[in-house]
Amino acid sequence: MEINRSTACRKVILITSFLATLILGFLVVTDHTYADVQSQTTCSETTSQSSSSEQTIVFKESASNSDNVDSSTDTTLNNTSDSQSNNQNATTSNQSSTSGATTPAPSENTTDTSQPTSSVNGSSTPESTSSSSESANASSSTDESQVNNQSSSQDVTGTASSKDQGQTNTDSTSNDVDSTADSSPVTDQSSSTDNTTTGGTNKDQITVTGTNSSTDPAIKQSSSNPLLNWLTNMTSAGAAALIYPFITSRQGSHLLSEFRTLLSPTRYNIDQTWSDLDQKYNPDYTKQFYTDAQNWYDNEVKKETLTVPFADGSGNASATYIAHPGSTKTIIYGQGWTTEPEWMGYISKIFYDMGYNVLMPYTRGQNSSDGEFLTFGYKDKADWINWINKIDQLNGPNSEVVLYGQSLGADDALEAGAQKNLPSSVKAVIADCGYSTIPSLLYSLYTGAANKLNGYTSKIGWNLNGSIPLVPYDQFLNNLNNVNHLFQGFNLDDASGLTAVQNSTLPTLFIATADDTFIPDSETKALYNASISKDKQLWILDGNVGGHASANNAVLAYTQHIQDFLNAVDNGQTSSTTSTNQLTVNDNQTVAA
């Protein structure tokens, strides 16, 4: 009897230890400060040109690499023309510092997600489908696309069609020490390779549906053995059930946030904005700005609390509103996952100093908004329509709104901007470090946990090959999706930034940092590539910026880049579908250190 009890106890301890290790590993990986931030260069990509009436203008910028702040941008503006351009092969080059100002064209804000056509300036144009064949060294590819869909990408979802996606190209430049930047438009036509696993799946476009039909062993990790498959499905279901509350519930996410703070006690210290910032981004100015911003938000500026009902009538959303005297322009600032309101308040001074009112709504299940679960934009996007209408009522017929967010808030902004009933007062979207799809984000976190665990198991000769024992990625994802559907009634694929950008023609600025270890900058690039907006920019900051959701640390470059983008929106410069307009770029595209 004692032997049986002892055996049973050991089994319970073993199982409990395994589950605790699994949860702890996931929690550690979700903390974006768990790894040392490495200096990186901007991930280079090439821009694929449409063979039917499309031309990409790349603005190249040189800047001082000593005291001046290098904007380090990957920026392109897509303009259409009557003439057809020939596809060309090109190679990828690294270490660029490019910048461009977008000239947005007024157009319909959204397209109908249920129709296989996209609306461009009121005309209905069939969306294109394409497939690409890549050689082993990925030296070239041939693409075919129609209006405003640029490069071909492999469909990781396992469905029959995929949207063409534009790619950006970065060119290596040798910069003389100079206080000014020379900007000149260069017509660039090139192709790029997809960010794929060894099995051919684009890891930045993963969906639940596509995972089920995938043949990629990096994605489809479950065993073909029925007994083993059943066993790992049970253990994966248990892992999903244990982890889900920490990701989505009000109390669980708050507890997780506290745990992350235990791992990194200085996470929300204001000096984190400049302590590890590269000199080229002027940390001294950042220190002064955020020191003042903290005092401004905490003690000086007048703050109001506003509420609107949830779109589904299940409760109320709450927000902090800062009115700029005499302004009818408003930034709606989407909250990140577990982001503290005060932190948002300090960053909001960037937009206030530009002359904007700032509204900071708290997502369902966070802070003073009602709800027990976060919906990752699925329900919040409809709530944002109520917020926009509220702002329009406050500011009158001249009201203008820009949707902005970081991390989860970026996807809230993108999803809101793709709504068919979006008020005409919305002029643009700024998405800072958003995720492409929830399954892609989970895959990144999952592989990070697996690799970290492999660091220990490999010491005893056990190579995990990117998989967590007894919790295959595809089964974990499916079970997490099932749990989410059980509690909230929607699938993870329903909350997708990738789908949103394929249904919005609003001018859009995409921002990310190359040192982001939580949401890789490749996901921002995937959003940019999939976007059907004719007026879109991609800006990737290289070097040490601060990790996830830290682009605002480079506050001089951040302010200037956003201001240039918003100025172009305000000026209403347009490029019709039948002509190509050359942009006038400011002579000085850098910020003095």
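The model is a predicted one, so local features need pLDDT of at least 70 and side-chain atom pairs count only at pLDDT 80 or more, while totals for chains, interfaces and linings use all residues. Residues are numbered from 1 along each chain as its sequence is written, and side-chain values use heavy atoms, with hydrogens and water left out.

Asp383 pairs up with Arg364 in a salt bridge, 2.7 Å from N to O; the term covers a side-chain nitrogen of Lys or Arg within 4 Å of a carboxyl oxygen of Asp or Glu. Arg364 is buried too, at 5%, and also bridges to Asp312, at 3.1 Å. Asp312, by contrast, is partly exposed at 43%. Together, Asp312, Arg364 and Asp383 form a salt-bridge network.

The structure has 6 salt bridges. Another of them joins Lys280 to Asp542, with the closest N and O atoms 2.5 Å apart, and both of these residues are buried.

Then there is the nonpolar packing. The largest nonpolar core counts 43 residues, and Phe351 is one of those with the most contacts inside it; such a core is a set of buried Ala, Val, Leu, Ile, Met, Phe, Trp, Tyr and Cys residues joined through side-chain atoms within 4.5 Å. Beyond neighbours within four places in sequence, Phe351 is in contact (heavy atoms within 4.5 Å) with Ile331, Tyr356, Val358, Tyr404 and Ile562. A separate core of 36 residues includes Ile332, Leu414, Leu498 and Ala512.

Conventions. Buried < 20%, exposed > 50% of the residue type's maximum accessible area, 1.4 Å probe, protein only.
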